[in-house]
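Student: I would like to go through this structure and ask what stands behind each label.
Tutor: Go ahead; each label will be set against its cut-off.

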Amino acid sequence: MLFWVIAAILTLGASLAVLLPLAGGPKGASAPGDHDLEVYRDQLSELDRDVARGLIQPAEAEEARAEIGRRILRLGAAGQADTTARRPSVATRLVATVAVLAVPLVSWGLYIKLGSPDLPSQPLAERLAKNPADSSVDELVARAEAHLAANPSDGRGWDVLAPIYLRLQRYSDAVSAYRNAIRLDGESAARQSGLGEAIANAAGGIVSAEAQNAFEAALKLDPANPKASFYLAMGLAQEGRTGEATVAWQNMLGTLPAESPWRRAVEQALAENAKRAVASGTPAIGPDAQAVEAAQSMSPQDRQAMIETMVAGLDEKLKQNPHDTEGWMRLIRSYVVLGKADQARDALSRGISVFGADSEEAKKFTAFAASLGLTATE
């Protein structure tokens, strides 16, 4: 009932604010000739003073008074005509009045017909107090945000909210939530890979150095993390290293379970990467477009055999050109992904021996192998 009383008062006030000026006309506005009339009156007073001081002859004074009088008469006639012209006609006022009254009547009628005037109010506090099963996603997120605003050190809360932000495409919020979760509850492969994904999406899909660091940290904790492997390969493709990206994705494809949701994403990425390599004329280190298409229809055993053949080919190329730094890192990673730790350690040792144990390349190889969980000696 209170709603209807307030609505009626507001509607009445708004209607009167429009109707009263229409009914009474423009009373407060001064007529255009009011200023001129005051000037003429001052001229008459000044004329009388000049006659009293003997500055002007009476006959001349009478002629001046007659001229000023004629001007005042003309001014009065013009003002009356202007007032008549500015006053709205009866028809105009009638149409305006009907329009002003029709708007609230029609809007009220539509609200009663289509709206929900009897629906009780739902303050935010009451909505957040509902059973979570009966709450919308936005209400659940608002509830979590309210909880974390009061308990900012709840790492578990940030950990739960971060992937929700990511799915809602609130990437900046997801980055902050993942960082809070890592700061409070420590690193995990899921948190680091989620952080990298949020950073990349916040940058429009670009795998920046910051995102790459997060993905590499995730692989250090879990070398088989598919999200980190996928995005790192994407970063290679974005840098124009299509051949290396193809090898990385192909290695993923050989190790992913048949039911993995990442298989489809990897297959699409391989096909697109092969097309880019063909379009740019860059020879790919790995399978060409036809080989990629053929690999998608292979059995897991045949695909594994093809990958091992590619890795063996890379190993042979490094024997012919041993100063390929990136090649040694790809070979080490390929053997680790294939589960061949002994061959990976052998590749690491051979790469170190090529450049020397004290070289920057050897330090780079050792750090890279360590990020994959591999050391030169067991």
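Predicted model: local features only at pLDDT ≥ 70, side-chain atom pairs only at ≥ 80, totals over all residues.

Student: Why is Q169 called exposed?
Tutor: Q169 has a relative accessible area of 57%. Exposed means over 50%, so Q169 with its 57% is exposed. Q169 sits in the loop between α7 and α8.

Student: What is noted about the phi of Q169?
Tutor: Its phi is positive, about 65°, although Q169 is not a glycine.

Student: Why is D185 called partly exposed?
Tutor: The relative accessible area of D185 is 39%. Buried is under 20% and exposed is over 50%, so a value of 39% puts D185 in between, as partly exposed. D185 belongs to helix α8.

Student: Which residues is D185 in contact with, leaving aside its neighbours within four places in sequence?
Tutor: They are G155, R156 and R191. Contact needs heavy atoms within 4.5 Å. For D185 and G155, the C-alpha to C-alpha distance is 5.5 Å, and the two are 30 residues apart in sequence. The 5.5 Å value runs between C-alpha atoms, whereas the contact cut-off applies to heavy atoms.

Student: What makes a group of residues a nonpolar core?
Tutor: The members must be buried and of the nonpolar kinds, joined through side-chain atoms within 4.5 Å. The largest such core has 40 residues, and L195, F215, F230, W249 and V266 touch the most other members. Among the helices that each supply at least two residues are α6 (137–150), α9 (189–202) and α13 (262–280). Helix α11 gives the most, with seven residues. A second core of 21 residues is separate and includes I307, M329, L331 and F365.

Student: Which residues does F230 touch, not counting those up to four places away in sequence?
Tutor: F230 touches W249, M252, W262, A265, V266 and A269.

Student: How many residues line the largest pocket, and which lie nearest its centre?
Tutor: The lining has 26 residues, with Q212, E216, L232, R333 and F368 nearest the centre. The elements giving two or more residues to this lining are α10, α11, α12, α16 (325–337) and α18 (360–371). The volume of the largest pocket is about 580 Å³.

Student: How does that lining divide by residue kind?
Tutor: It holds 12 nonpolar, six polar and eight charged residues.

Key: Residues numbered from 1 in each chain as written. Heavy atoms only, no water. Buried < 20%, exposed > 50% of the residue type's maximum accessible area, 1.4 Å probe, protein only. Helix = DSSP H or I, 4+ residues; strand = E, 2+ residues; numbered from the N terminus. 1 Å grid on protein atoms, 1.4 Å probe; cavity = no way out; pocket = protein on both sides within 12 Å on 5 of 7 lines; lining within 4 Å. Points joined across faces, edges and corners; volume = space filled by probe spheres on them. Nonpolar A, V, L, I, M, F, W, Y, C, P; charged D, E, K, R; others polar.
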